[in-house]
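Reader: Hello! Could you walk me through this structure, one step at a time?

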Amino acid sequence: EAERVMTALSFWAGKTGADDPRTRDQRMADALVDICDDALSRAELTPAQARKTTTSLVIDFPTWAGLADHPAWLDGYGPIPAGLAREMSARGAFRRLITDPQTGHLLDSSPRTYRPSAALKQYLIDRTRVCDHLNCNRPASLSDVDHTIRWADGGDTTRANTGVPCTRDHPLRHDGGWRVTRQPDGTATWTSPAGHTYRKPPWDYRPLE
């Protein structure tokens, strides 16, 4: 059973692009979280249980801005050093709560996370129904969620900045020299290494005449 778990984690960890800065052990740990997230997205959780799956990082504004080094608080763990808190905040794997150090009152609550929510992922699947790369018709339900503007470059996990290329076409952006832009409605414009552009609009749900 343990060998099956390690084989599954190794498989999912190997699906990332060549420019992924994480170590293999880090990718495998994140893969385990992704598998659990997927299981939770399919489970019928009560609202209280669903709230427990979202971890909050509480950090005061001067520390978040790099002007101070006050300890932060990670829900479910406790206090963490300022440097680690800033690094984790930039990674965006949980809700970030920024507070006023004088009053302790909340200044900003950011839901910004790298991993798409189950609702966002389902919306993207319904928006295109198939892989959003050119003439590929692989089901979107089997595709990856891809950031148009990379998370590391400031791209948000939003409808306008994500798409669902399949696992075969996703690496074209990282290793094949292709570029993609997306319109707010989900229309994907792919530019080949030769400079040719191709548009793929979202799924047209109008009945065929």
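Author: Gladly! A word on pairing to begin: two strands pair if DSSP finds at least two bridges between them. Strands (E, at least two residues) and helices (H or I, at least four) are DSSP runs, numbered from the N terminus. This is a predicted model, where local features need pLDDT of at least 70, side-chain atom pairs count only at pLDDT 80 or more, and totals for chains, interfaces and linings use all residues. Residues are numbered from 1 along each chain as its sequence is written, and side-chain values use heavy atoms, leaving out hydrogens and water.

Reader: Which strands stand at the edges of the open sheet, each with a single partner strand?

Author: Three strands form this open sheet with antiparallel pairing, in the order S8-S9-S10. One side of each edge strand is left without a neighbour in the sheet, because each has a single partner strand; these are S8 (179–182) and S10 (197–200).

Reader: Is Thr162 buried or exposed?

Author: Thr162 belongs to strand S7 (residues 162–163). Buried means under 20% relative accessible area, exposed over 50%, and partly exposed in between (1.4 Å probe, protein chains only). Thr162 has 0% relative accessibility, so it counts as buried.

Reader: And what is the relative accessible area of Trp12?

Author: Trp12 is found in helix H1 (residues 2–13). Trp12 counts as partly exposed, with a relative accessible area of 42%.
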